[in-house]
Each structure stands twice: as C-alpha cells, then as structure tokens.
Amino acid sequence: MDVLEATTEFDLFILMAVIVAGPIVAERLRAPGMVGLIFGGMLVGPFVFGWVGPRGLVASLGAIGILYLMYLAGLEFGLRSFLANRKMAVAFGLLGFTVPFLISLWTGLTFLELGWIGAALVGAMWASNTLVAYPDVQAAGLQANRSVGGAVAAGVIADLLSLTVLAIASSVAIVDSAGPELFDAPPPPVPVWVALPMLAFVSIAVIPRIAKWFFVKVGHTRPQRFVFSLGAMAFAASLATWGGIEGLIGAFLVGLGMNRLVPKSGSLFEHLRFAGATVFIPAFLVSIGLNIDPALLFDPDTLLIALVFTGLVVGGKLLAAITAGLWFRLPVPEVGIMATLSMGQAASTLAIAEVGVELGVFGDAIRNAAVLTIVATVFITSLGTRFFIPR
C-alpha cells in the first residue's frame with residue numbers, strides 16, 4: 001500500500017471513489033451531498049487513513065475546482081439582472097464585508113487578545129465568502145434571480161476587500177519583522193490598485209475579443225472551444241496572482257467577460273458545466289476535507305474558537321443581508337438566499353489563516369478552528385440555501 005499511496009493513479013482512484021460514494025452516503029443520511037464529499041476527503045486524508053496527502057493530485061484538482069466554480073459563476077451571472085439591481089449588489093457587497101469584518105476585528109482584539117494585524121486577518125477571514133452552495137442554485141435554475149446575482153457580485157466585492165486587507169496586513173507584518181533586511185528581499189507584487197484595473201480590463205475587454213475571433217475564425221469544434229475557455233480561465237487566474245490578487249477573482253472576471261459568448265442553451269456551456277459538476281468542483285470539496293483533523297472535534301479550546309467564528313460568520317452575513325433587504329424592500333426568501341449563499345467559507349479563508357500562521361500573528365489553534373468553521377458553514381450554507389430555494 002505504501003507504493004500505491006505515492007502514485008497519481010491511486011490518488012485518482014481514491015478521488016473518484018469519494019466523488020461517487022460521498023454524496024450517496026450523505027443523501028442516505030439526509031445530509032447535503034457536498035458534506036459527504038468533505039467528510040469523505042477527511043477519511044481518506046492524512047489524519048485518518050492517510051491514503052491521500054494534503055499536497056498532490058487531489059489538492060491540485062481542488063485548486064482548479066474553486067477557479068472553475070467562480071468561472072461558471074461568471075458565465076452564468078445575470079448581467080441584466082445585476083445592472084437592474086446594481087445598487088443593491090454593491091450595497092450588499094460593502095455591508096457583507098464591513099459588518100463581519102468589524103465584528104471579527106473586535107473579537108480578535110478582545111476575546112482572542114490578538115494584536116491589530118492578527119485581528120485584522122481574522123476580520124478578513126470571515127468578511128470573505130466562497131459560493132460553496134452555488135451548484136444548488138444552478139440546479140434550481142435561479143442564476144438570473146436578482147438576489148442570487150446580488151449575492152454573487154457581493155461575494156466578489158467582499159473577497160476583493162478581504163484580500164486587500166490581507167495584502168496590507170501582510171506588508172505591515174513583514175516590515176515589522178524584517179526591518180533593514182526587507183530591502184534585500186525581492187520586489188513586492190504589483191500594487192492591488194494597479195493590478196485590479198489591469199485584470200478587469202484584460203478579463204472583460206481583451207480576452208473576450210480574442211475568444212470571439214477564435215470561435216469564428218479558428219475554433220470551430222466543441223473540443224477546441226472547450227479547451228480555449230479553460231485556457232482563458234487559467235490565464236486570467238494567473239494574471240490575478242501575478243498582481244497579488246486571489247486567482248478566483250480573475251476566474252470570475254473572465255467568466256463575466258465570456259458571458260455573452262457562451263450561451264446558456266449552447267453545447268459549450270453544457271460541456272463546461274458537466275466537467276465542473278462531475279470532477280473539478282467535487283474535487284475542491286474533497287480537498288477541503290483533507291485539511292480536517294478529527295482530533296480537533298474533541299479539543300475544547302479549538303471548539304470554542306470555532307463556535308465563536310461560526311457565530312461571527314452567520315451573525316455578520318445575516319445582519320448584512322437583513323440590512324440590505326430592509327433598505328431595498330426585498331421579500332424574506334430573497335434575503336434568506338443572499339444571507340445563506342454568502343455564509344460559505346473555503347478558499348480565501350484558508351489562505352488568510354495560513355498567512356496568519358506563517359507571519360506568526362496567531363497560532364495553530366486559530367487555523368484549526370478556521371477549518372472547523374469552514375465545515376460548519378458548508379452545512380449552514382447548503383441547508384439554508386436548500387431551504388430558501390423553493391420559496
């Protein structure tokens with residue numbers, strides 16, 4: 001078994017087994033299918049059976065999966081609905097960041113007794129969000145709903161602001177710790193205020209023009225167009241990371257740019273959606289499970305911090321959604337969809353938590369609690385979204 005554990009073939013077999021069995025077992029237990037994928041990842045991961053490591057094929061496919069999820073969100077984004085309700089989307093995005101950030105910052109300074117940098121990173125962790133439950137919205141055909149469009153746009157705004165906090169806090173922490181040696185370090189990435197407009201211009205204006213030319217003049221077959229679409233997603237994500245921005249922002253923006261070139265009723269979109277639903281997005285959920293140590297479930301301190309974190313996410317996002325709902329006079333089900341969609345946590349949260357540990361501004365207990373909170377929010381966002389969809 002030791003030989004098989006290190007092979008790509010065995011990792012792929014285990015991943016496929018979890019993707020098939022996880023949702024089936026979860027649904028038999030009346031739990032969301034995505035929960036089965038996460039706990040399946042935990043079982044095969046390094047803390048239980050040890051069949052799959054935290055680095056390797058599954059982790060790589062999981063990283064692609066979150067990009068793919070955001071790319072599909074951009075492709076399916078209801079531009080008309082957003083433009084008609086852009087004030088609501090921007091308002092909810094700012095509220096969805098500001099409310100959880102301020103509450104989490106205060107909690108980090110008081111309850112966790114962290115410094116300003118550590119508390120700011122805790123605030124950034126729970127002000128961001130990942131559209132973990134978006135596949136349920138897709139399946140229900142509610143992508144064009146104004147509240148869903150608002151939640152998607154708001155998620156991007158919240159992530160951008162959270163990653164901006166991460167960039168500033170990291171820079172301050174590095175300067176404080178490095179001192180004069182900082183000047184011997186390689187130059188930092190392009191500033192966010194420069195990189196973001198450049199990324200938006202390339203993703204929304206340049207790549208779609210190239211894609212239109214390619215689809216008309218060169219790529220006449222579905223496989224060619226499919227691969228070109230994936231290449232566009234990867235390039236935009238790479239461009240984002242070169243500018244110090246999370247790759248998922250680039251994937252979403254290029255999805256927006258390609259929105260009109262990939263009709264929802266066309267075969268190309270169906271192929272893209274099928275590939276995401278069967279491999280990439282499930283791999284992302286399995287990869288989350290690889291980071292879960294079951295022993296954390298029995299550590300009182302970690303459980304207490306995770307409980308506080310979960311309260312910060314649920315309370316902050318719910319308060320933001322209620323405020324936006326009252327402001328724009330939205331019905332309760334739409335407020336519920338906005339709130340529950342925005343409660344999902346994953347990629348950005350893990351990245352920020354990892355940076356906090358590496359910088360030494362907080363310890364492993366907070367990172368471990370963050371992992372538990374991610375699992376809890378996956379339950380909450382999935383069950384909550386399923387509850388409000390039929391309403």
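Is arginine 329 buried or exposed? Arginine 329 counts as exposed, because its relative accessibility is 76% (buried is under 20% relative accessible area, exposed is over 50%, and partly exposed lies in between, with a 1.4 Å probe and protein chains only).

This is a predicted model, in which local features need pLDDT of at least 70, side-chain atom pairs count only at pLDDT 80 or more, and totals for chains, interfaces and linings use all residues. Residues are numbered from 1 along each chain as its sequence is written, and side-chain values use heavy atoms, with hydrogens and water left out.

**Loop residues with positive phi**

Arginine 329 sits in the loop between α14 and α15 (332-342). Helices are DSSP runs of H or I with at least four residues, strands are runs of E with at least two, and both are numbered from the N terminus. Arginine 329 follows α14. Its phi is near 55°, a positive value in a residue other than glycine. Glutamate 113 also has a phi near 55°, positive and not in a glycine. Glutamate 113 lies in the loop between α6 and α7 (116-127). With a relative accessible area of 68%, glutamate 113 is exposed. Glycine 244 follows α11, and its phi is positive, near 80°.

**The α6 and α14 pair**

Two packed helices are described by the angle between their axes and the distance between the axes. For α6 and helix α14 (residues 300-328), the axes come within 8 Å and cross at roughly 145°. Axes here are lines fitted to C-alpha atoms, for helices over the stretch in contact, and angles run from 0 to 180 degrees between N-to-C directions. The α6 residues that meet α14 include Lys87, Phe92, Pro100 and Ser104. On the α14 side, Val308, Leu312, Lys317 and Trp327 are among them. Contact means heavy atoms within 4.5 Å. By class, the contact of α6 with α14 has 15 nonpolar, 5 polar and 2 charged residues. Ala, Val, Leu, Ile, Met, Phe, Trp, Tyr, Cys and Pro count as nonpolar, Asp, Glu, Lys and Arg as charged, and the others, Gly among them, as polar.

Serine 104 belongs to helix α6 (residues 86-110). Serine 104 counts as buried because its relative accessibility is 0%. Leaving out residues up to four places away in sequence, serine 104 touches Ala119, Val122, Gly123, Trp126 and Leu312.

**Helix spans**

The expected span of a helix is 1.5 Å times one less than its number of residues.

| Helix | Residues | Expected span | End-to-end C-alpha distance |
|---|---|---|---|
| α11 | 21 residues | 30 Å | 30 Å |

Helix α11 covers residues 222-242. Its buried residues include Phe226, Ser229, Met233 and Leu239.

**A salt bridge**

The structure holds 1 salt bridge (a side-chain nitrogen of Lys or Arg within 4 Å of a carboxyl oxygen of Asp or Glu). Arginine 386 pairs with aspartate 136, and the closest N and O atoms are 3.8 Å apart. The pair links distant parts of the chain, 250 residues apart. Arginine 386 is in helix α17 (residues 364-388), and aspartate 136 is in helix α8 (residues 134-140). Arginine 386 is partly exposed, at 41% relative accessible area. Aspartate 136 counts as buried, at 16% relative accessibility.

**Isoleucine 64**

Isoleucine 64 is in helix α4 (residues 57-76). Isoleucine 64 is partly exposed, with a relative accessible area of 31%.
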